[in-house]
Amino acid sequence: MIVQDSLDNKILLGWREWVSMPELGIPAIKAKVDTGARTSSLHAFQVETFEEDGRRKVRFGIHPLQKREDVTLWCETEVIDHRRVSDSGGHREMRYVIHTPVRLGSLLWNVEVTLTDRETMQFRMLLGRTAMVGRFTVDPESSYLMGRKLRHAYRTGKKRKGA
């Protein structure tokens, strides 16, 4: 169920939500909804660029689940920019920038995302404020207002008795 914020008719999000990125083949990733971050960012490792049909593309790996290196996805998409970005600690680095659709509940929209190594971070993705502008209001006291069903996306095998 999607909750509308009665003040501005925007969808209400918690401070963390499960999202998917279908064009990248990412069925589920836990995102920190970060109004302090201008741009969204996605965990990426072994990032390499290449040319295909005259277009600059990027290939990278991702561990979509924190503390789980046994789940690895490989993604490939077009690069739209390569720019200097400051992290929350004020450190600046050059990052590749991509556009990709993000699904949050029943909503699907294009988001600009930078690629960076977030292996040591609790969240593999930050959903920044430019991705949310005009669409969402954030309730910092709530989590997973858009649902938790994506958390099961990487489970394999039969459910154990009592689990």
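**Exercise 1. State what share of the chain is buried, and describe the model's confidence.**

Of the 163 residues in the chain, 43% are buried, where buried means under 20% relative accessible area, exposed over 50%, and partly exposed in between (1.4 Å probe, protein chains only). This is a predicted model, in which local features need pLDDT of at least 70 and side-chain atom pairs count only at pLDDT 80 or more, while totals for chains, interfaces and linings use all residues. Residues are numbered from 1 along each chain as its sequence is written, and side-chain values use heavy atoms, with hydrogens and water left out.

The predictor's confidence in each residue is its pLDDT, from 0 to 100. The chain has a mean pLDDT of 88, with 90% of its residues at 70 or more. Over residues 158-163 the pLDDT is below 50, and this stretch has zero contacts (heavy atoms within 4.5 Å) in the model beyond near neighbours in sequence. Where pLDDT is low, the predicted coordinates should not be read in detail.

**Exercise 2. List the secondary structure elements and compare their confidence.**

Helices (H or I, at least four residues) and strands (E, at least two) are DSSP runs, numbered from the N terminus. The chain has twelve strands and one helix. Their order along the sequence is β-β-β-β-β-β-β-β-β-β-β-α-β. Among these elements, the highest mean pLDDT, 97, belongs to strand β7 (residues 73-78), and the lowest, 89, to strand β8 (residues 81-86).

**Exercise 3. Find the aromatic pairs and classify two of them.**

Step 1: apply the criterion. Rings of Phe, Tyr and Trp (its six-membered ring) pair if their centres lie within 6.5 Å; planes under 30 degrees apart count as stacked, over 60 as edge-to-face and the rest as tilted.

Step 2: take W15 and F123. W15 sits in the loop between β1 (11-14) and β2 (16-21), and F123 in the loop between β10 (107-116) and β11 (125-128), 108 residues apart. W15 is partly exposed, at 28% relative accessible area, whereas F123 is buried, at 6%.

Step 3: take W109 and F136. The ring centres are 5.3 Å apart with planes at 55°, so this pair is tilted. W109 belongs to strand β10 and F136 to strand β12 (residues 136-139), so the pair ties together parts 27 residues apart in sequence. Both W109 and F136 are buried.
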